[in-house]
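Please look over the sequence and the fold before reading on.

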Amino acid sequence: MVGARRARRSRTAVGATPAVLVLTAALSLSLTAGCTTNRSPDDGRSTSGRPSGISPPATALGPVLAVKIDNADAARPQTGVDAADLVYVEQVEGGLSRLMAVYASRLPQAVGPVRSARESDLELLGQFRQPRLAFSGAQSKLLPLIRRAPLDAVTPGDASGAYYRGPERAAPHNLYLRPDRLLSSVPGADALTTGFRYGPAPSGGRAQASHTVRYPAARFTFTWSADRGRWLVSMDGTPTVTAEGRRVAPATVVVQYVKVRESAFHDVLGNNTPYTETVGAGTAEVLRDGRVYDVRWKRATVRDGTDFTTNDGRPVDFAEGQVWVVFAKAP
């Protein structure tokens, strides 16, 4: 099953662009190569910085589970997003958005709707140690790159009984994952090798009741709730709740300004797939405790986590709890 597939080695990508091959080679050299799927699509380290200081050796930690989650109107409300340690928001075709939820501390009974992977996911996931990626498929030309990436990718065709179709929605917005079929136990928060730190808020910042991030065809608003000590999420002007009616409310929100460029891939309508560059440096805004802090970010290589610092170089701590990272196009 999943464990047996990990030993498989894949063939060299055929027809990949030189830039893609460079990325794939960097990923392969930086981490131990993992196995992935060869199924067709359904449609498209630093340490953790936690107060304990040092993460256990990689051999002592199991993989985190990363799940690509549909964020179209027809996919809402989603299931299991509130249980994630970390939620990434990325721009996809047509100016829309998609989520990637990362689970290390606990697993919900179900997660979804699950959708397809993108090329920039490989760069983003390079910061984790052999992560397990749950997704519904990918473009055929992208699959060889996924097979070569240092991750364990699992589609519905790879894990019998792990995925199911819900009856309430039409395909492709009704595919769900049973996470315990892919992870027998959670690795714990120390497996989040993202470079994030947790602790007291930095000095300064500015009080702000809400903050909005706009994509060409999507909008995210985070509103501070003093009663809950959390940022309440709204998407496209509508409060974000789970399928059970619980309001999604992270403790920390990071708006990370990055380069978003065209990739070598397109969707079935001919729209180019954006590539979000998460290695490099730039500016960001950290939202915590009802305040916004202007900071800088740096991620030196594919295998490193992302460090956030004040303008004078001091590390920035996040509030304990769920973190959302929204990748926004740098001006």
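## Strand 17 and its partners

Over how many bridges do strand 16 and strand 17 pair? In this predicted model, strand 16 (residues 280-288) pairs with strand 17 in the antiparallel sense over nine bridges, where strands are DSSP runs of E with at least two residues, helices are runs of H or I with at least four, and both are numbered from the N terminus; two strands count as paired if DSSP finds at least two bridges between them. Within this pairing, E285 stands opposite D294 in strand 17. The two strands form a hairpin with two residues between them, and D289 in the turn has a positive phi of about 55 degrees.

Strand 17 (residues 291-299) also pairs with strand 9 (residues 206-207), in the antiparallel sense and over two bridges, with A207 opposite R291. Strand 18 (residues 307-309) runs antiparallel to strand 17 and is joined to it by three bridges; here R296 has T309 of strand 18 as its bridge partner.

Elsewhere in the description, an open sheet of four strands has the order 10-11-12-13, with antiparallel pairing. Strand 10 (210-215) and strand 13 (238-239) stand at the edges with a single partner strand each, so one side of each is left without a neighbour in the sheet. Strand 13 pairs with strand 12 (residues 230-235) in the antiparallel sense over two bridges, and P239 in strand 13 is the bridge partner of S234.

## The chain as a whole

The protein chain has four helices and 20 strands. Of its 331 residues, 55% are buried, which is to say under 20% relative accessible area, with exposed meaning over 50% and partly exposed in between (1.4 Å probe, protein chains only). The chain exposes about 13500 Å², of which carbon and sulfur atoms supply 51%, the areas coming from the Shrake-Rupley method with a 1.4 Å probe.

## The largest cavity

A cavity is a set of points on a 1 Å grid over the protein atoms alone where a 1.4 Å probe fits but cannot get out, and lining residues have an atom within 4 Å of a point. The largest cavity has a volume of about 50 Å³, taken as the space filled by probe spheres set on the points. Its lining includes Y88, L124, F196, R299 and F327, and the lining residues divide into five nonpolar, four polar and one charged.

## Basis of the values

Residues are numbered from 1 along each chain as its sequence is written, and side-chain values use heavy atoms, with hydrogens and water left out. As the model is predicted, local features need pLDDT of at least 70 and side-chain atom pairs count only at pLDDT 80 or more, while totals for chains, interfaces and linings use all residues.

Technical notes. 1 Å grid on protein atoms, 1.4 Å probe; cavity = no way out; pocket = protein on both sides within 12 Å on 5 of 7 lines; lining within 4 Å. Nonpolar A, V, L, I, M, F, W, Y, C, P; charged D, E, K, R; others polar.
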